[in-house]
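This report describes selected features of one structure. Please keep the sequence and the model in view while reading.

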Amino acid sequence: MNAVESRLEHIRGRVAPKSHNARTIAALTSNPGCARRAIMDAAGVDKQRLAAYSGFPAPFGQSQFAITRGNAFEAQVKANGCAELLRLLREHLGLSIPEVSYDDLNDVGGNTGLVVRHVRTRSLLARAVNSGSDAGTLFDHPLLRLQVAGRPVFLEPDLIAFQLGGRFHVVEIKSFAVIDGQADGDKVAAAVIQSAVYVHALRELLAGHGMAEDAVADEVVLVCPENFSNAPTAALLDVRKQLTVLRRQLARLASIESLLDVLPADLTFDLGMDDDGVPSRSPAELRDAIFTVDARYAPECLASCEMCFLCRHEAQGRTETLGREVRDELGAIDSIAAVLGLADGTLAPADDQAEAAGLLRAAARLRRECTGEAA
Ligand code: SF4
C-alpha cells in the first residue's frame, strides 16, 4: 500500500470502502471544486452513514422495493443468454445480428476480485476488437476502470457492452417505466449521464488497444419496462453533450495527492465503533473533522450528495446558498449580511468590493422605486 492509499484508509476508518459507480462519478464531476466530496469518494467513505452520525441524515439511495424491482427486471432482460435484449436490438433498433456470443464477467471462474475481473474484461474486449468478426458479442457486467482525480477507480457497471462488427454499444437497463412513449425526464437525464461515464471508461480501455474513440458508439441503448407491464422496450440516446461535460469536469478535478497535502495528517472520519458496533465518537467531533476539508456547497448538492444537509448548514448566511451564479456574480463578497449592508449603504466596501457594491446599491434603489419603499 502506498502513502496515499494508507492516508485514505486512515481517513475512511475501520469500515469497508464504498466503491465508485457511474452515479458517484457523475455527481463528483458536477461539483469538481469540492475537495470534501473528492476526498470522501477517493477514500471510499460511506457518506450517507457519516452524514447521519454527524446529525444531518439525508434521504439518498433507492428503496429496497426499487432495488428488488430493478434486479428482477434486469434478470428478465438478461435471461436465456439475453434473448429479450437481442429481440429489442433486432426489432426496435434495426441492428442486423446474425449470431451472438455471450460473456459473463460477473466473476472469473468463481473469483469476483475487481482486479481479476478487470483483467478478464480487458482481455475479452481486446479479443473482440481484434477478431474482425461480424458476429455480435454481449459482455455482461464488464469491469471498467477510470482515472478520477489522478487515481484509478473501478466501475461496477450495471450494463452490457455490445460489440458488433468491431463497434461497441453501451446498453443500460433501468427499471423506471416508459408510459405512452414518455419517461420521467430527471430519471432519463441521470441515466444518460451515467451511460456517458461508461462510454468514456470503455473508450479509455480500448484506447489502450490502439482503438479510436468511435470504436464506442455515441449513442447508448436504454432499456426500460413499457407502460404498466414488465415488457422491455428500448431507445437510442445520444450522449455526446454529456461526454463533453464529463471530460471537461474530470480534467478539472484536483489530484487527490494535492488535496491530502493541505489536510492534517491525523484526519479521520472513523466513527470509533465500540465492541457492540455502536459509534463512540461524538457528532460534534465528527463534524469538526468533516469541516477540516473545504467544501463548495451549491443548491444542486441537494440532489446529488449525501452530505448536502450538513454542508448547507455550514454554508448558512453565505452567498453560495443562493446558487453558483449569484456567488460568482458577487465575487469577493461571500456573506449575505455583507451583501445587504453594501446594498443599503450601511457598510463601506473594501477596494475589491467597490464595483459589486455600486451594482448592489443601484439594484436596491431600483427595488425601492418599484415597491415605493422609502430610502
Ligand atoms: S454536499 Fe458538500 S460534500 Fe457534497 S458536493 Fe456539496 S459541498 Fe461537496
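## Model

The structure is a predicted model.

The ligand sits in the largest cavity. Two elements each give two or more residues to the shell around the ligand: helix H3, spanning 35–43, and helix H11, spanning 308–314.

The residues surrounding the ligand include Asn 31, Cys 34, Arg 36 and Arg 37. Also among them are Ala 295, Arg 296, Tyr 297, Cys 301 and Cys 305, together with Met 307, Cys 308 and Cys 311. Sorted by class, the shell comprises eight nonpolar, one polar and three charged residues.

## Packing of H2 against H7

Two packed helices are described by the angle between their axes and the distance between the axes. For helix H2 (residues 22–30) and helix H7 (residues 185–207), the angle is about 100° and the axes are 9 Å apart. H2 and H7 are therefore roughly perpendicular to each other.

On the H2 side, the contact is made by Ala 22, Arg 23, Ile 25 and Ala 26. Their partners in H7 are Ile 193, Gln 194, Val 197 and Tyr 198. The contact of H2 with H7 has six nonpolar residues, one polar and one charged.

## Packing of H2 against H8

Helix H2 also packs with helix H8 (residues 240–252): their axes cross at roughly 70° and come within 9 Å. H2 is therefore roughly perpendicular to H8.

Here Ile 25, Thr 29 and Ser 30 of H2 meet Leu 246, Gln 249 and Leu 250 of H8. The residues of this contact divide into three nonpolar and three polar, with no charged residues. Ile 25 takes part in the contact of H2 with H7 and in the contact of H2 with H8.

## Pro 57

Pro 57 lies in the loop that runs between helix H4 (47–53) and helix H5 (64–91). Leaving aside residues up to four places away in sequence, Pro 57 touches Ala 51, Ala 52 and Phe 309. Of these contacts, Phe 309 falls within the 308–314 range of helix H11.

Pro 57 and Arg 203 are 146 residues apart along the chain, and their C-alpha atoms are separated by 37 Å.

Key:
Residues numbered from 1 in each chain as written. Predicted model: local features only at pLDDT ≥ 70, side-chain atom pairs only at ≥ 80, totals over all residues. Heavy atoms only, no water. Near = heavy atom within 4 Å. 1 Å grid on protein atoms, 1.4 Å probe; cavity = no way out; pocket = protein on both sides within 12 Å on 5 of 7 lines; lining within 4 Å. Sits in = over half its atoms within 2 Å of the grid points. Helix = DSSP H or I, 4+ residues; strand = E, 2+ residues; numbered from the N terminus. Nonpolar A, V, L, I, M, F, W, Y, C, P; charged D, E, K, R; others polar. Axes fitted to C-alpha atoms, helices over the stretch in contact; angles between N-to-C directions. Parallel < 35°, antiparallel > 145°, perpendicular 65-115°, else oblique. Contact = heavy atoms within 4.5 Å.
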